[in-house]
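I opened my notebook to look at helix packing and nonpolar cores.

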Amino acid sequence: MGDEELAAAEKYNELLDSNIAMVQERTSALSEDDKQTVYYMDSRFNDAYHTVGTGEIQESWITCAGGILATKDDFEGRNLEITAEKLLEIDPDIIVIGAQTQADVYEMLMNDAVLSELSAVKSGNVYRLPQGIFPWCRTGPEAAIQVIWAGQFLHPELFEDIDMKTVAKDFYKEFYGTDVSDEYIEEIMAGHLCPGGK
């Protein structure tokens with residue numbers, strides 16, 4: 001496309017690599033007992049029963065951040081439908097909901113009588129993932145900062161020196177030329193599509 005675009009792409013790759021390395025270094029001393037199982041719920045299918053297995057980007061950032069993909073021993077690939085029985089058997093420590101329609105799927109999950117038996121639901125460990133230009137949890141540019149978010153989310157004690165809102169603001173300024181307001185950053189981090197949105 002041109003020298004300017006090539007320079008931006010190279011800068012992005014450097015940021016992605018350095019963020020991954022930083023998070024891996026900070027979480028490298030964790031024992032298996034320090035790690036929680038994380039179930040990724042894919043909201044694109046408008047139900048609480050779709051997920052990913054091993055080999056997907058979600059496993060990459062969960063593992064890098066010091067977590068364990070709850071479905072890694074049972075499934076491979078993406079766009080996978082899980083049964084309620086299997087999800088109850090896995091019984092993850094944490095449930096994270098990603099993709100664009102997470103607000104609706106969050107409501108479905110929290111109102112599902114069967115899945116109310118999940119430990120994560122009972123303990124309140126169900127979370128929506130950030131989304132800005134694109135959902136951070138998938139194969140978009142924000143993957144470069146999602147890995148830091150995931151590390152801080154799973155192990156806040158290892159990332160106390162990092163202000164995730166500043167990281168996000170700097171990212172959008174550098175790569176999109178946009179000054180994102182505090183209000184919008186709050187909504188992005190909460191997984192809302194816009195201020196006042198679901």
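Which residues have the most contacts inside the largest nonpolar core? I found Trp-61, Trp-136 and Tyr-172, in a core of 33 residues. For me a nonpolar core is a set of buried Ala, Val, Leu, Ile, Met, Phe, Trp, Tyr and Cys residues joined through side-chain atoms within 4.5 Å, with buried meaning under 20% relative accessible area (1.4 Å probe, protein chains only).

Ground rules, before going on: this is a predicted model, where local features need pLDDT of at least 70, side-chain atom pairs count only at pLDDT 80 or more, and totals for chains, interfaces and linings use all residues. Residues are numbered from 1 along each chain as its sequence is written, and side-chain values use heavy atoms, with hydrogens and water left out.

Next I asked what supplies the 33-residue core. Elements giving at least two residues each include H1 (3-27), E1 (37-42) and H7 (164-176); helices are DSSP runs of H or I with at least four residues, strands E with at least two, numbered from the N terminus. H6 gives the largest share, 8 residues.

I then noted another core lying apart, of 18 residues, with Leu-109 and Val-121 among them.

Last, I checked H2 (57-64) on H6 (143-154): they pack at about 45°, axes 8 Å apart. Residues in contact (heavy atoms within 4.5 Å) include Trp-61 of H2 and Val-147 of H6.

Terms used
Axes fitted to C-alpha atoms, helices over the stretch in contact; angles between N-to-C directions. Buried < 20%, exposed > 50% of the residue type's maximum accessible area, 1.4 Å probe, protein only.
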